[in-house]
Amino acid sequence: MARLAFASVLLLLSFAALAAGSRLPDNPAAVVSEQSALRAALESTPERYKHLDAARRQQVLERQARLTAQLAAVSRWEDLPEADRELVAAERAWILAAVQPQDEGRAICTNERVLGSQRIQRVCRSPEQVERARREARDAMTKGTRCGNATCVGQ
């Protein structure tokens, strides 16, 4: 049961890490300049983004164009409705994730509360470790146990 609870918490923390990546800079102009610099880099240094195939590169450029057009006339985040801010954050997060190379050396870091404590600890895992934990949590939830008492271990 403790293993199941741990796996469930780990899965929730993984989703929280993805949501944390969608935070916005202080103002819309910062997003516009960030996207302009990224577009210039995409066009001037194609070897840096060789992991993007032509279709994915086109998708990134189209999303950037929509995002910058939406933010061009906005000077403060308060000028956008809350729903639009969330969409902008999600779109920006998608673009930034799409241009990152999918190398083996990257780590996914989350802030996790230490069990039985109020202390928060930063934990970094490889994408393979995160995926394995997600898979184990999913399997634990679907597998269940064959008996109903606390000493029974799932079969």
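## Helix packing and a buried arginine

The axes of helix 2 (residues 28-44) and helix 4 (residues 82-99) come within 12 Å and cross at roughly 25°. Angles under 35 degrees count as roughly parallel, so helix 2 runs roughly parallel to helix 4. The crossing is left-handed. This is a predicted model.

Which residues of helix 2 meet helix 4? They are Val31, Glu34, Gln35 and Leu38. On the helix 4 side, the partners are Arg92, Ile95, Leu96 and Val99.

Arg92 sits in helix 4. Is Arg92 buried or exposed? Its relative accessibility is 10%, so Arg92 counts as buried; the cut-off for buried is under 20%. Leaving out residues up to four places away in sequence, Arg92 touches Arg23, Leu24, Pro25, Val31, Glu34, Gln35 and Leu67. Among these contacts, Val31, Glu34 and Gln35 belong to the helix 2 side of the packing with helix 4.

Helix 5 covers residues 127-143. Its 17 residues should span 24 Å at 1.5 Å a residue, and the end C-alpha atoms are 24 Å apart, which agrees. Its buried residues are Pro127, Val130, Ala133 and Ala137. Seen down the helix axis, they fall within an arc of 130°, so they line one face of helix 5. An α-helix has 3.6 residues a turn, so residues three or four places apart point the same way. The face turned away from the buried side carries exposed Thr142 and Lys143.

| Item | Value |
|---|---|
| Helix 2 and helix 4, axis approach | within 12 Å |
| Helix 2 and helix 4, crossing angle | roughly 25° |
| Helix 5, distance between end C-alpha atoms | 24 Å |
| Helix 5, arc of buried residues | within 130° |

Terms used: Residues numbered from 1 in each chain as written. Predicted model: local features only at pLDDT ≥ 70, side-chain atom pairs only at ≥ 80, totals over all residues. Heavy atoms only, no water. Helix = DSSP H or I, 4+ residues; strand = E, 2+ residues; numbered from the N terminus. Expected span 1.5 Å × (residues − 1). Buried < 20%, exposed > 50% of the residue type's maximum accessible area, 1.4 Å probe, protein only. Arc of directions from axis to C-beta. Axes fitted to C-alpha atoms, helices over the stretch in contact; angles between N-to-C directions. Parallel < 35°, antiparallel > 145°, perpendicular 65-115°, else oblique. Left-handed = near helix turned anticlockwise from the far one by under 90°. Contact = heavy atoms within 4.5 Å.
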